[in-house]
Structures are given as structure tokens and as C-alpha cells.
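I opened this model to look up its pockets and its ligand. My notes follow.

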Amino acid sequence: MHSKTLANQVAMPVLGFGVYQMKEAQTAQQAVYAAIQAGYRQIDTAASYGNERAVGAGIRQAIADGLVTRAELFVTSKMWVADACPERAAAAINATLDRLGLEYLDLYLLHQPYNDVFAAWRAMEAAYEKGQLRAIGVSNFSISQLANLSAFSKRKPMVNQIEVNPFQQNQALVNYCLAQGVQPVAWAPFAEGKHDLFQQPLLAEIAAAHHKSIAQVILRWCLQRDLLVVAKSSRYERMQENQAVFDFTLTLAELTAISTLDTGQSMFFDHADPAMIDWMATRSVAYE
Ligand SMILES: NC(=O)c1ccc[n+]([C@@H]2O[C@H](COP(=O)([O-])OP(=O)(O)OC[C@H]3O[C@@H](n4cnc5c(N)ncnc54)[C@H](OP(=O)(O)O)[C@@H]3O)[C@@H](O)[C@H]2O)c1
């Protein structure tokens with residue numbers, strides 16, 4: 001598995017398998033097991049996805065069946081907004097480890113830049129120092145939010161997981177992260193298929209030129225921009241397809257052409273929108 005070394009020297013597989021919206025326990029467990037069978041070594045979940053128990057069961061089943069060892073896997077989870085406060089942050093980390101049934105996580109992210117992010121980060125630093133978390137980072141942080149947290153903390157985030165797809169390229173944030181030694185990781189690289197992504201003519205033309213699929217072109221485009229990437233699929237053949245991205249290279253002209261697809265807008269929502277912050281603050285999330 002291809003990997004990249006984070007600022008603290010921990011190696012992170014460049015391609016991850018995401019399990020967002022896999023709520024049904026059996027589906028999530030089977031999907032994680034299948035993803036490991038298909039060759040994935042990085043699994044990306046979150047407390048708010050409501051599937052940590054099922055994801056942990058899939059991981060432990062794969063280990064028990066001899067598909068992989070724990071040391072070969074890279075498991076990521078995330079702290080939800082409601083837990084990002086002094087009273088709940090440390091307990092939230094322990095609860096995630098309990099639900100997953102794992103002794104440590106390879107990466108733990110602060111899911112959103114809201115609530116008491118400094119209290120959350122202090123708890124994450126403490127768990128990192130205890131060895132419960134091999135690396136710590138953030139998600140959906142803007143340049144100024146990342147600069148603020150880094151400036152007033154002992155440890156800088158090792159990762160910022162952000163929305164990156166051909167329609168929301170986030171180039172300034174990606175550049176800032178790279179310059180700061182904070183590894184950017186792309187979430188929703190396919191924009192969940194929105195905006196007719198899998199029919200986009202330019203991407204189709206580039207894909208045809210390489211005898212590849214649009215999905216493969218997008219993943220390759222992320223990797224060539226020095227991003228790591230987490231993608232989701234519930235289908236085994238697509239899990240395999242989405243890993244076959246190391247036998248071709250996009251040309252500079254192709255990369256430049258893809259940059260014209262950027263709309264500068266999120267395909268989901270604006271993280272700076274106060275209405276979204278209100279929604280996240282009041283949303284009831286069942287951890288499972
Ligand atoms: N930090 C955050 O705030 C945040 C937010 C969103 C997501 N994430 C993470 O990022 C991961 C990926 O994002 P996402 O799940 O939202 O969306 P995504 O990976 O952009 O898109 C998933 C969609 O693409 C389809 N797909 C996958 N591979 C394909 C292929 N080769 N050909 C055609 N269609 C394909 C899937 O369908 P099938 O399943 O039917 O194959 C699914 O409908 C998540 O699972 C989660 O781990 C993080």
C-alpha cells in the first residue's frame with residue numbers, strides 16, 4: 001500500500017475507505033471487511049456516522065481471519081461537535097475506542113471547527129501523549145482556524161481533512177496546509193456524484209485517454225496534488241477500481257484542464273454559514 005509520512009513520522013496510506021452514510025450495522029461491517037479484502041488499509045469513520053461498533057467488528061473480523069494485522073491497518077475516527085468541550089472530550093475519545101474495540105487509533109480528528117476546539121485539542125494532545133492516538137488532526141478547518149489552533153497549541157494538527165473534488169478544489173487551503181506541514185486529506189472526492197460528476201465531459205475525455213474511469217482520474221488528480229484521499233463505495237468491484245490508480249499519470253495539461261472545473265463552492269454546505277453552525281450545535285447524533 002502506498003503511504004505518506006505525516007509530520008510526526010507516522011505513515012498514512014494515501015487511499016482511504018470512507019464509511020459515511022453506512023448506518024446499517026451489517027452493511028458497514030461487511031463493507032469494511034470487503035474493503036480490507038480489496039486491499040484498503042486505511043478506514044475512515046467518525047462518532048457521528050453512527051457505525052463505529054460495526055466498523056470495529058469488520059476490522060476485528062478481518063484481523064481474526066488473517067487478512068491483515070492491526071499494525072498493517074490505519075484506522076481514523078473523529079470527535080463530534082457536542083463532545084468538543086472540557087467536560088466531554090476525553091471521555092469521547094475513550095468511548096470511540098470502546099465502540100471500535102481497538103486499543104489505539106492511528107488518527108483522530110476534530111470533526112468540525114466548532115464548540116470549544118481548544119479544550120477538544122488539549123484532550124486529543126493528552127491522548128496522543130498516552131499512546132491512545134498515533135496521530136491527531138482536524139477536519140473542515142479554514143486557513144485562519146488552522147493558524148489559530150496551531151499558534152496556541154503545543155502540537156500542530158498533523159492532518160486537515162477537507163472537501164476536495166473537481167468542483168470544489170480548495171487550492172488555497174490545500175497550499176496552506178502543505179506549506180505548514182499539515183497533510184490535507186480530501187473527503188467526498190466524487191462529490192457523492194453530485195453535479196453529474198460521473199458524466200462530466202472533460203473528465204470523461206481524460207479518462208478515455210488513459211483507459212481509466214472518471215473515478216480513477218479524480219483519485220489520481222488528488223494524489224498528484226499531494227492530497228491523500230478517502231472515498232466511499234459499497235460495491236466490491238468499485239473498491240478495487242478505486243485502488244487501481246498507480247499505473248498512470250495525468251499530464252500537466254490534464255491537471256490544468258481539470259483546474260477549470262473549480263466552482264469555488266462547496267457541493268454540500270458552507271462551513272462559515274451561521275445557520276449550519278446552529279444546525280450542528282442542535283443536531284442530535286446517536287453514536288453506535
Ligand atoms: N470530514 C468530513 O466532514 C467528511 C464529510 C464527508 C465525507 N467524509 C469522508 O469521506 C468519505 C468519502 O466521501 P463520501 O462518502 O461523502 O462521498 P464520495 O466518496 O465522494 O462518493 C461516494 C459515492 O460515489 C459512488 N462511487 C464510488 N466509487 C465509484 C466509482 N468507481 N464509480 C462510480 N461511482 C462510484 C458511490 O456509490 P456506491 O457506494 O454505490 O459505489 C457513492 O454514491 C466518507 O465516506 C467519509 O469517510 C468526511
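**Pockets and ligand**

I began with the lining of the largest pocket, whose residues divide into 19 nonpolar, 15 polar and nine charged. For these classes I counted Ala, Val, Leu, Ile, Met, Phe, Trp, Tyr, Cys and Pro as nonpolar, Asp, Glu, Lys and Arg as charged, and the others, Gly among them, as polar.

The model is predicted: local features need pLDDT of at least 70, side-chain atom pairs count only at pLDDT 80 or more, and totals for chains, interfaces and linings use all residues. Residues are numbered from 1 along each chain as its sequence is written, and side-chain values use heavy atoms, with hydrogens and water left out.

I next looked up the volume. The largest pocket holds about 970 Å³ of space. Its lining has 43 residues, and Y20, Q21, A188, E192 and K232 are the closest to its centre. α8 (214-224), β10, α9 and α11 (274-282) each give two or more residues to this lining. (A pocket is an open set of points on a 1 Å grid over the protein atoms alone, where a 1.4 Å probe fits, with protein on both sides within 12 Å along at least five of seven lines; lining residues have an atom within 4 Å of a point. A volume is the space filled by probe spheres set on the points. Helices, H or I, have at least four residues and strands, E, at least two, as DSSP runs numbered from the N terminus.)

Where is the ligand? The space it takes is the largest pocket. β10 (228-231) and α9 (236-241) give two or more residues each to the shell around the ligand.

I counted 27 residues around the ligand, with D44, E192, S233, S234 and R238 the closest (a heavy atom within 4 Å). The shell has twelve nonpolar, eight polar and seven charged residues.

A side-chain N or O atom of S234 is 2.8 Å from one. A backbone N or O atom of Y20 lies at 3.1 Å, and a polar backbone atom of A188 at 3.2 Å.

Last, I looked up the second largest pocket, with about 380 Å³ of space. It is lined by 20 residues, and Q168, N170, D270, H271 and A272 lie nearest its centre.

Key:
Polar contact = N/O pair within 3.5 Å; in protein donor to acceptor, adjacent residues only side chain to side chain. Sits in = over half its atoms within 2 Å of the grid points.
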